[in-house]
Amino acid sequence: MTFLAKKIEKLKEDGVYRELPVNYGPCDNKINLNGKEVVNLSSNNYLGLANHPRVKQAAIDAVNKYGAGAGAVRTIVGNQDIIGKLEDLLAEFKHEEAVMCFQSGLNCNIGTIQAIVDKGDLIISDELNHASIIDGVRLSKADKAVFKHSDMEQLELILKEKRSSYNQVLIITDGVFSMDGDLAKLPKIVELAEQYNALTYVDDAHGSGVLGLGGRGTVDHFHLHGRVDFIIGTLSKAIGVVGGYVASKQVTKTWLSHRARPLLFSTALPPAATAASIESVKILMESTEYSDRLWSNANYFKEKLSKLGFDTGHSETPITPVMIGNEAKTMQFSKALLEAGVYVSGIVFPTVALGKGRLRCMISASHTIEDLDFAIEQFEKVGKKLQII
Ligand SMILES: *Cc1c(COP(=O)(O)O)cnc(C)c1O
């Protein structure tokens with residue numbers, strides 16, 4: 001195993017080696033990170049549902065009724081009835097005909113993309129799409145083309161040049177781009193897809209539960225219901241549990257049940273996760289209380305940071321990047337904040353471009369105004385000390 005040890009040595013030489021931080025309790029507004037209580041500005045638990053009493057109780061009840069594990073893949077005997085209930089509820093929530101659930105958002109992408117396009121088809125993908133989309137595209141036998149981030153002219157050029165040489169053309173984009181918090185230019189993408197007879201695939205992992213009426217997602221936000229062919233969502237972020245899904249037509253669901261490899265070759269969602277997700281979606285359908293609080297928290301936080309003189313980028317969502325630039329300075333900022341009691345992960349190259357280092361603040365409905373004020377105070381202190389503001 002010395003070949004791996006050597007690679008790890010190289011990580012250390014390059015200054016990119018790290019240990020995994022340990023959270024000693026639930027994911028919430030404050031967490032016990034490595035034994036110290038800190039304000040948590042780094043989770044995807046947008047609505048605070050990961051530690052919600054109703055969601056936890058649903059998981060406990062499901063374990064008592066259905067056990068700890070599904071026991072098999074869905075095509076054998078792992079298809080417990082609650083999975084179907086979750087799918088029907090999600091379809092109703094998303095205003096789509098049918099939903100197919102997977103064990104995670106990553107599984108959904110790697111299973112769905114290769115199942116729906118084949119040799120003789122073309123995938124056109126935004127350069128900033130999520131890693132699980134990139135992996136899904138790699139597993140597909142279709143040809144691939146990549147367009148510059150949100151560059152609609154280049155997308156159209158690719159369609160113009162290549163459309164006639166392929167059977168199906170599938171345009172794939174994130175709904176919300178996770179590092180900057182900007183939205184895909186979905187109305188234009190849909191318009192081009194309709195003009196050139198292409199299919200559309202939107203991964204709305206960061207949009208579900210956040211954008212649109214009561215968190216119905218990016219498609220709802222842009223009033224594009226019925227015009228996007230495949231809408232991917234995750235149960236791991238705003239829903240607060242784990243799992244992924246594709247919302248589409250019934251034919252998609254039927255086809256995936258025969259060809260999506262994570263469904264055929266990996267055990268179904270555990271009952272606790274399925275039931276907890278059902279409860280979370282029910283909470284979202286009952287009121288917009290959580291998504292309203294998420295947005296008011298995010299707006300409050302962003303406004304205060306900008307007033308202090310921080311550059312918060314061009315986010316259109318609760319994802320709040322604080323642009324620092326230099327990689328070492330970004331990591332130094334993150335470390336100083338942690339010492340001051342606020343955990344915000346520093347994001348640097350290669351996750352983002354060189355010189356575009358940032359602190360990525362993830363605001364949640366679970367944050368109190370006191371949490372946010374405390375975090376802002378620490379940002380001000382550290383920002384002044386490091387001469388960022
Ligand atoms: C987080 C994320 C995923 C993965 O979701 P999991 O359910 O955590 O596997 C997929 N796509 C995008 C765009 C994401 O942001």
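Two strands count as paired if DSSP finds at least two bridges between them. In this predicted model, strand β2, residues 36-40, runs parallel to β11 and is joined to it by 2 bridges, and within this pairing Val 39 has Val 342 of β11 as its bridge partner.

These strands belong to an open sheet of 3 strands, in the order β1-β2-β11, whose pairing is mixed. Because β1 (30-33) and β11 (342-343) stand at the edges and each has a single partner strand, one side of each is left without a neighbour in the sheet.

In soluble globular proteins, nonpolar side chains tend to be buried together. The largest nonpolar core here has 45 residues, and those that touch the most other members are Tyr 46, Leu 47, Leu 86, Leu 90, Val 99 and Cys 101. Among the elements that give two or more residues to this core are α3 (81-94), β3 (98-102) and α11 (271-286), and α3 provides the largest share, with 7 residues.

Leu 90 touches Val 99, Cys 101, Leu 235, Tyr 245 and Val 281, when residues up to four places away in sequence are not counted. Apart from this core lies another, of 22 residues, which includes Val 39, Ala 298, Leu 359 and Ile 376.

## Around the ligand

Of the 14 residues around the ligand, those that come nearest are Gly 105, Asp 203, Thr 234, Ser 236 and Lys 237, while helix α4, residues 105-116, gives the most to this shell, with 3 residues.

A polar side-chain atom of Lys 237 lies 2.6 Å from an oxygen atom of the ligand, and a backbone N or O atom of Leu 106 lies 2.9 Å from a ligand oxygen atom. On its own the ligand has 380 Å² of accessible area, of which the protein covers 86%.

Methods:
Residues numbered from 1 in each chain as written. Predicted model: local features only at pLDDT ≥ 70, side-chain atom pairs only at ≥ 80, totals over all residues. Heavy atoms only, no water. Helix = DSSP H or I, 4+ residues; strand = E, 2+ residues; numbered from the N terminus. Core = buried A, V, L, I, M, F, W, Y, C linked by side-chain atoms within 4.5 Å. Buried < 20%, exposed > 50% of the residue type's maximum accessible area, 1.4 Å probe, protein only. Contact = heavy atoms within 4.5 Å. Near = heavy atom within 4 Å. Polar contact = N/O pair within 3.5 Å; in protein donor to acceptor, adjacent residues only side chain to side chain. Areas by Shrake-Rupley, 256 points an atom, 1.4 Å probe, with all protein chains shown as cover.
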